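Here's a quick briefing on how the pieces of this fold sit against each other.

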Amino acid sequence: MLNRILLAILLCSGIFPAAVSGETGGEKTPPPAVQDNTSPKKLSLELLLGYLGRWEIKHMEINQERKLVMFDVRYENMPMRFTMSIAGDKDNMLVVSVRNVVTLKEDNPGFLAALKIMAVENYNIIVGCWGWDPSDGEVTLDYTFVAASGLAYADFETVLDAMLSIAESGKKKLDAALNTAPAPQQPASAPAAAAPASEPAGL
């Protein structure tokens with residue numbers, strides 16, 4: 001059962017979360033926002049920063065060498081950390097991840113229930129894929145664009161809006177599963193002792 005659930009989670013997209021370790025180059029102010037909504041533009045780190053400028057994100061961590069940007073947003077009063085990295089031989093793929101949605105440890109009483117939630121979510125959602133890292137318990141929501149013809153802001157915004165909504169809804173379900181311990185088993189009560197038989201009268 002567990003193996004089937006893990007397989008559903010790990011194979012739903014074939015794309016694993018982008019690594020975040022290493023130097024980031026520190027926080028930087030984004031360049032001016034890109035205003036054109038519908039024209040696809042060649043995918044680049046500068047384009048991503050321009051698109052993110054329209055979200056009024058104040059601080060980003062940028063790694064030029066790895067073509068990666070990290071930033072925090074709040075959605076429905078819930079903080080979320082995003083990473084975006086450009087991948088592919090021709091730099092035509094964009095890997096987007098919502099990091100650390102929850103931490104899922106195998107010794108949590110809700111572990112299997114949380115894995116089942118992720119598997120069902122992966123079957124139902126049309127944007128993103130839930131993933132679990134067994135080495136540290138990190139749960140992420142990941143999605144990969146293929147931008148061979150470029151990336152338009154309207155498409156970029158649509159996917160990010162969807163991922164925010166899916167991450168928020170999924171986090172609530174996972175939190176409920178992980179924070180709800182099963183009710184303790186009540187020990188079975190011993191059968192009542194039979195009352196002693198009364199002695200016959202006259203003995």
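Arg99 and Glu138 are both buried, where buried means under 20% relative accessible area, exposed over 50% and partly exposed in between (1.4 Å probe, protein chains only). Their side chains meet in a salt bridge at 3.1 Å, N to O; the term covers a side-chain nitrogen of Lys or Arg within 4 Å of a carboxyl oxygen of Asp or Glu. The pair ties together distant parts of the chain, with Arg99 in strand β5 and Glu138 in strand β7 (residues 138-146), 39 residues apart.

Keep in mind that this is a predicted model: local features need pLDDT of at least 70, side-chain atom pairs count only at pLDDT 80 or more, and totals for chains, interfaces and linings use all residues. Residues are numbered from 1 along each chain as its sequence is written, and side-chain values use heavy atoms, with hydrogens and water left out. Helices (H or I, at least four residues) and strands (E, at least two) are DSSP runs, numbered from the N terminus.

**Other salt bridges**

- By that rule, the count comes to seven salt bridges.
- Asp91 and Lys67 pair through their side chains at 2.3 Å, N to O. This pair also links distant parts of the chain: Asp91 is in the loop between β4 and β5, Lys67 is in the loop between β2 and β3, and they are 24 residues apart.
- Asp91 is partly exposed at 26% relative accessible area, and Lys67 is partly exposed at 28%.
- Glu168 and Lys172 form a salt bridge at 2.7 Å, N to O. They are four residues apart in helix α4 (residues 153-178), so about one helical turn separates them.
- Glu168 counts as buried, with 11% relative accessibility.
- Glu61, Asp72 and Arg81 are linked in a network of salt bridges.

**Strand β4 and its neighbours**

- Strand β4 (residues 78-87) has seven of its 10 residues buried, so the rest of the structure largely encloses it.
- On one side, strand β3 (residues 68-75) runs antiparallel to β4 and is joined to it by eight bridges; two strands pair if DSSP finds at least two bridges between them. Here Arg74 stands opposite Pro79 in β4.
- The β3-β4 hairpin has two residues between the strands, and Glu76 takes a positive phi near 50 degrees.
- Strand β5 (residues 93-103) is also antiparallel to β4, with seven bridges joining the two. Met84 stands opposite Val96 in β5.
- The β4-β5 hairpin has five residues between its strands, and Gly88 in the turn has a positive phi of about 95 degrees.

**Asn63 at β2**

- Asn63 lies in strand β2 (residues 60-63) and is buried, at 9% relative accessible area.
- The Asn63 side chain reaches the backbone nitrogen of Arg66 at 2.8 Å.

**Helix α3**

- Helix α3 (residues 111-124) has 14 residues and spans 20 Å from first C-alpha to last, close to the 20 Å expected at 1.5 Å a residue. That expected span is 1.5 Å times one less than the number of residues.
- Which residues of α3 are buried? They are Phe111, Ala114, Leu115, Met118, Ala119, Glu121 and Asn122. They cover an arc of only 165 degrees around the axis, so they sit on the same side of α3; the arc is that of the directions from the helix axis to the C-beta atoms.
- Lys116 and Tyr123 are exposed, on the face of α3 turned away from its buried side.

Definitions and conventions. A polar contact is a pair of N or O atoms within 3.5 Å; within protein, one must be able to donate a hydrogen and the other to accept it, and residues adjacent in sequence count only if both atoms are side-chain atoms.
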